[in-house]
Amino acid sequence: MSVLLKTRVTAIGPEVADLAEGGVVILFADGSPPELAEVSVLHKTEEGPSDDAPATGASITLGPVSATITAVGSTAWSKVREMGHVVISFNGASEAERPGEVCASAVDTGALMAALTPGAVITIVA
């Protein structure tokens, strides 16, 4: 397996839980503007991001929560590479609604919310 992205959560914005309850996680690299940090999981990259975007079927883990990537928006990976930003929707969609979105299989939102803690590791592997 090849690691496409490995990053560690550094902070959780105050509005993240509401989004996670709906199966949406917004990642932003450390140093994002304060208004974006409120709704974001801030992170620091440890490995990657790879040159190539993950393909459908790649796996994503957020702490103990695992899912399979089901769709990648047209600009999602370039945003990850440029500014550490991506919207991950755990909705199982076969097509991303927004160009900057990565869709993944549905997960237990309670487990997802519990996994969102500083120090948690997020990994995308193919």
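Throughout this tour, a residue is called buried when its relative accessible area is under 20%, exposed when it is over 50%, and partly exposed in between, with a 1.4 Å probe and only protein chains considered. The model is a predicted one, in which local features need pLDDT of at least 70 and side-chain atom pairs count only at pLDDT 80 or more, while totals for chains, interfaces and linings use all residues. Residues are numbered from 1 along each chain as its sequence is written, and side-chain values use heavy atoms, with hydrogens and water left out.

**Stop 1: the whole chain**

Display the entire protein as a cartoon. Four helices and eight strands are present; these are DSSP runs numbered from the N terminus, helices being H or I runs of at least four residues and strands being E runs of at least two.

The C-alpha trace spans about 30 × 30 × 25 Å along its principal axes. A compact globule of 126 residues would have a radius of gyration near 14 Å, and the 13 Å of this protein agrees with that. The radius is taken over C-alpha atoms, and the globule rule is 2.2 Å times the number of residues to the power 0.38.

Of the 126 residues, 44% count as buried. Contact means heavy atoms within 4.5 Å. Among the contacts with a separation of 6 or more, 70% are between residues 24 or more positions apart.

**Stop 2: strand E1 and its partners**

Select residues 3-12, which form strand E1. Which strands does E1 pair with? Five bridges join E1 to strand E8 (residues 121-125), and the two run antiparallel. Six bridges join E1 to E3, again in an antiparallel arrangement. Two strands are said to pair if DSSP finds at least two bridges between them.

To see individual positions, select Leu5, whose bridge partner in E8 is Ile124. Then select Ala11, which stands opposite Leu42 in E3.

**Stop 3**

Is Ser50 buried or exposed? With a relative accessible area of 16%, Ser50 is buried. A polar atom of the Ser50 side chain lies 2.6 Å from the backbone oxygen of Asp52. Leaving aside residues up to four places away in sequence, Ser50 touches Leu4, Trp77 and Arg81.

**Stop 4: Arg81 and Asp51**

Side chains of opposite charge can pair when their charged atoms come close. The side chains of Arg81 and Asp51 meet in a salt bridge, with 3.3 Å from N to O. This pair links distant parts of the chain, since Arg81 belongs to helix H3 (residues 76-83) and Asp51 to the loop between E3 and E4, 30 residues apart. A salt bridge here is a side-chain nitrogen of Lys or Arg within 4 Å of a carboxyl oxygen of Asp or Glu. Arg81 is partly exposed at 41% relative accessibility, whereas Asp51 is exposed at 65%.

By this rule the count comes to five salt bridges. Lys6, Arg8 and Glu46 may be selected together, as they are linked in a network of salt bridges.

**Stop 5: Arg98 between two glutamates**

Select Arg98, which is partly exposed with a relative accessible area of 41%. Arg98 forms a salt bridge with Glu97, the closest N and O atoms being 3.9 Å apart, and another with Glu101, at 3.1 Å from N to O. How do the two glutamates stand in terms of accessibility? Glu97 is exposed at 68%, but Glu101 is buried at 2%.

Glu101 lies in strand E7 (residues 101-104). Residues that Glu101 touches, not counting those up to four places away in sequence, include Ala71, Val72, Gly73 and Val87.

**Stop 6: Glu21**

Finish at Glu21, in helix H1 (residues 16-21). Glu21 is exposed, with a relative accessible area of 52%. Not counting residues up to four places away in sequence, Glu21 touches Thr109 and Met113. Glu21 and Met113 are 92 residues apart in sequence, yet their C-alpha atoms are 6.8 Å apart in space.

Terms used. Polar contact = N/O pair within 3.5 Å; in protein donor to acceptor, adjacent residues only side chain to side chain.
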